Amino acid sequence: MITASLTPKKQSASSKSENLLEVHNLKTYYPVKGGFFRRTIGNVKAVDNISFEIKRGDTLGLVGESGCGKSTAGRTILRLLTPTEGEIFFEGKNITRQSGRNLREIRKDMQMVFQDPYASLNPMQMVGDIIAEPIYNFYKRSKSELKQIVMDLLDKVGLPSDAYYKYAHEFSGGQRQRIAIARSLALRPKLIIADEPVSALDVSVQSQVLNLLKDLQQEFELTFLFIAHDLSIVKHMSDRIGVMYLGNIVELADKSNLYTKPLHPYTQALISAIPSPDPRMKKNRIILTGDIPSPINPPSGCPFHPRCPAAMEDCSINKPVLKEVKASHLVACHLY
Ligand code: SF4
């Protein structure tokens, strides 16, 4: 049961080292209909066989160009989308096919912060009601208790108490995202899936919201799946990072290894494109040619081979599997 106080519960040392979330061979395909009888004539392979785990209290960053399937992966894990294949384990429990009341219970522990704080908040509700709604839906609380919890949450996310009586349109983009974060914390979740949470915000407020998320992670002992296309932001937020390309994870490693010794040619190209803070430092930028191929008809073999500067003959025939090539460093590439 949620308590009126927002003081986080302490976890034991052993529970901190276990996996909160495990994803095994997850696929999410969207059927493509066509013809007179609207038969399924193909599939958009938005997520195509990804596996990873997140330790309790850690942040896994998922990064890649738009359309690579990272947001679909987040939504599938939260069960907003139905997985086509694979399994999702939350706290050791297989939640892949849960539905109805069971799924509703699980959703208390898994919340999402969406990209667009303009679209994700109900313009007809006062901020206090927006934040209180999930608590009201799950727990019987008196009006005064609900108000106290919401006031505490507003304080935690750095908003004044009079925000309670205002509407979302009265706030700036950064403040709206703070409201969305407060709502995501209302049920005291264990996992937060943050899908591009700052990409709709001005650069000047991005770091404030990111630092707020980091502070709240410490205070509420949260685990994050942090989805973004900006590698600098993912680096700032994550412990481990998975690089996605065309529905696949092509590299998965600790942040320091991924940024200092990227192995996959796609990761190397992405990292070479990060601007250096020192303009005197010369970087060898790897320019990728061509666009991401369509996930309806992905290339044979390695999905990256049409754009890969290191492609070999085998690359267009056999698909490389993600495998560990160094301690805790996995890569899907025939070079290794
Ligand atoms: Fe490039 Fe081949 Fe490695 Fe794919 S498998 S990334 S095409 S070298």
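Colleague: Two strands pair if DSSP finds at least two bridges between them. What order do the strands take in the open sheet of four?

Modeller: The order is E2-E1-E4-E5, and the pairing is antiparallel. Strands here are DSSP runs (E, at least two residues), numbered from the N terminus. The model is predicted, so to speak of local features needs pLDDT of at least 70, side-chain atom pairs count only at pLDDT 80 or more, and totals for chains, interfaces and linings use all residues. Numbering starts from 1 along each chain as its sequence is written, and side-chain values use heavy atoms, without hydrogens and water.

Colleague: Which strands are at the edges there?

Modeller: Strand E2 (39-55) and strand E5 (93-94). Each of these pairs on one side only.

Colleague: And how many bridges join E1 to E4?

Modeller: Five. E1 covers residues 19-34, E4 covers residues 85-90, and the two run antiparallel. Leucine 21 faces phenylalanine 90 in E4.

Colleague: Next sheet. What order do the eight strands have?

Modeller: This open sheet runs E6-E7-E8-E3-E9-E10-E12-E11, with mixed pairing. Strand E6 (110-113) and strand E11 (323-326) are its edge strands, each pairing on one side only.

Colleague: Do E7 and E8 pair parallel or antiparallel?

Modeller: Parallel, over five bridges. E7 spans residues 191-195 and E8 spans residues 223-228. Isoleucine 192 has phenylalanine 224 in E8 as its bridge partner.

Colleague: Changing topic: which residues come nearest the ligand?

Modeller: Cys302, Cys308, Cys315, Cys333 and His334. They belong to the 13 residues around the ligand, where near takes a heavy atom within 4 Å.
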